[in-house]
Amino acid sequence: MLFQVQMTVKLPPDMPTEKADEIKAREKAYSQEVQRSGRWPHLWRVAGSYANVSIFDVKDNAELHEIISNLPLFPFMEIRVTPLCRHPSAI
């Protein structure tokens, strides 16, 4: 199943830089692991904001939820999930 996921990160302004850097490093390692597995085939930054638009290719909603909720930045994200299906005019 394909899903478009938009994630906007909102770190607390008073979070110490060292803690933010540590969370971001764990986020990068985990997200790259999921990408290498093929379940996160597309990841784009939204220009001008701390946000991304991603495409996930997973077996079901539960797998998507597991991946997203394991992101180290998950507690600091606003997330919108849109299920996708093939367009009849796609070639």
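The largest pocket has 17 lining residues, and those nearest its centre are Glu-27, Leu-43, Arg-45, Tyr-50 and Asn-52. Its volume is about 410 Å³. On terms: the grid is 1 Å over the protein atoms alone, and a pocket is an open set of points where a 1.4 Å probe fits, with protein on both sides within 12 Å along at least five of seven lines; a lining residue has an atom within 4 Å of a point. Points are joined across faces, edges and corners, and the volume is the space filled by probe spheres set on them.

This is a predicted model, in which local features need pLDDT of at least 70 and side-chain atom pairs count only at pLDDT 80 or more, while totals for chains, interfaces and linings use all residues. Residues are numbered from 1 along each chain as its sequence is written, and side-chain values use heavy atoms, with hydrogens and water left out.

Helices (H or I, at least four residues) and strands (E, at least two) are DSSP runs, numbered from the N terminus.

Now E1. Its covered face is Phe-3, Val-5, Met-7 and Val-9, and its uncovered face is Leu-2, Gln-4, Gln-6 and Thr-8. E1 pairs antiparallel with E3 over seven bridges, pairing meaning at least two DSSP bridges between two strands. Gln-4 is opposite Ile-55 in E3. E1 also runs antiparallel to strand E4 (residues 77-84), joined by eight bridges, with Phe-3 opposite Pro-83.

Last, salt bridges: a side-chain nitrogen of Lys or Arg within 4 Å of a carboxyl oxygen of Asp or Glu. The whole structure has three. Lys-10 and Glu-78 meet at 3.5 Å, N to O; Lys-10 is in the loop between E1 and H1 and Glu-78 in E4, 68 residues apart.

Glu-22 and Arg-26 meet at 2.5 Å, N to O. Both are in H1, four residues apart, so about one helical turn separates them.

Arg-39 and Glu-63 meet at 3.3 Å, N to O. Arg-39 lies in the loop between H1 and E2 and Glu-63 in helix H2 (residues 61-69), so this pair ties together parts 24 residues apart in sequence. Is Glu-63 buried or exposed? At 14% relative accessibility, Glu-63 is buried, whereas Arg-39, at 27%, is partly exposed. Buried is under 20% relative accessible area, exposed over 50%, and partly exposed in between, with a 1.4 Å probe and protein chains only.
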